[in-house]
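Biologist: Please take me through one part of this model slowly. I would like to follow the aromatic rings and what surrounds them.

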Amino acid sequence: MRRVLIVPADAAATVIDSAEHDSAGFDPDMTWRLHPQVALRPEPFGALLYHFGTRKLSFLKNTTIVQVVETLDQHPSVRAALAAHGIDEPAQRPYLRALATLADSHMIVPA
């Protein structure tokens, strides 16, 4: 297991990431989507993401972030996807960090 992503339902806590990441390539004003080689398996706690190319496994520990990831490509930007799921701007920071981590590990890619 490489990373564990936790975005609490109240969005007040921070994302727990087992490795520091560089989010310089992640632009939340762009449209993103799951990498074609990534499978998302819903679980009661959230979801498992497995990248068949890199063999990386990530956990999403919140059903809201799972819904956001599943619908990223249906919105003009990550910020629009978050807003569509009821996550207002002040509460977006932990979600943006989680999505930046997914981008750094190539779980999501620009659309």
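Modeller: Let's start at Trp32, which is buried, with a relative accessible area of 4%. Buried means under 20% relative accessible area, exposed means over 50%, and partly exposed lies in between (1.4 Å probe, protein chains only). This is a predicted model, where local features need pLDDT of at least 70 and side-chain atom pairs count only at pLDDT 80 or more, while totals for chains, interfaces and linings use all residues. Residues are numbered from 1 along each chain as its sequence is written, and side-chain values use heavy atoms, with hydrogens and water left out.

The structure holds three aromatic pairs. In one of them, Trp32 and Phe26 are tilted, 5.2 Å centre to centre with 45° between the planes. Rings of Phe, Tyr and Trp (its six-membered ring) pair if their centres lie within 6.5 Å; planes under 30 degrees apart are stacked, over 60 edge-to-face, and the rest tilted. Phe26 is buried too, with a relative accessible area of 9%.

Phe45 and Phe59 also make a tilted pair, with ring centres 6.2 Å apart and planes at 45°. This pair links distant parts of the chain, 14 residues apart: Phe45 lies in the loop between E3 and E4, and Phe59 in strand E5. These labels are DSSP runs numbered from the N terminus: helices (H or I) have at least four residues, strands (E) at least two. Phe45 is partly exposed at 33% relative accessibility, whereas Phe59 is buried at 18%. The charged end of Lys61 sits over the ring of Phe45, 5.2 Å from its centre; for this, NZ of Lys or CZ of Arg must be within 6 Å of the ring centre and within 35 degrees of the ring normal.

E3 (residues 38-43) runs antiparallel to E4, joined by six bridges, and the two form a hairpin with two residues between them. Four bridges join E4 to E5 (residues 57-60), again antiparallel. Strands pair if DSSP finds at least two bridges between them. Five of the six residues of E4 are buried, so this strand is largely enclosed by the rest of the structure.

Finally, back to Phe26. Along with Leu99, Phe26 has the most contacts inside the largest nonpolar core, which has 25 residues. Such a core is a set of buried Ala, Val, Leu, Ile, Met, Phe, Trp, Tyr and Cys residues joined through side-chain atoms within 4.5 Å.
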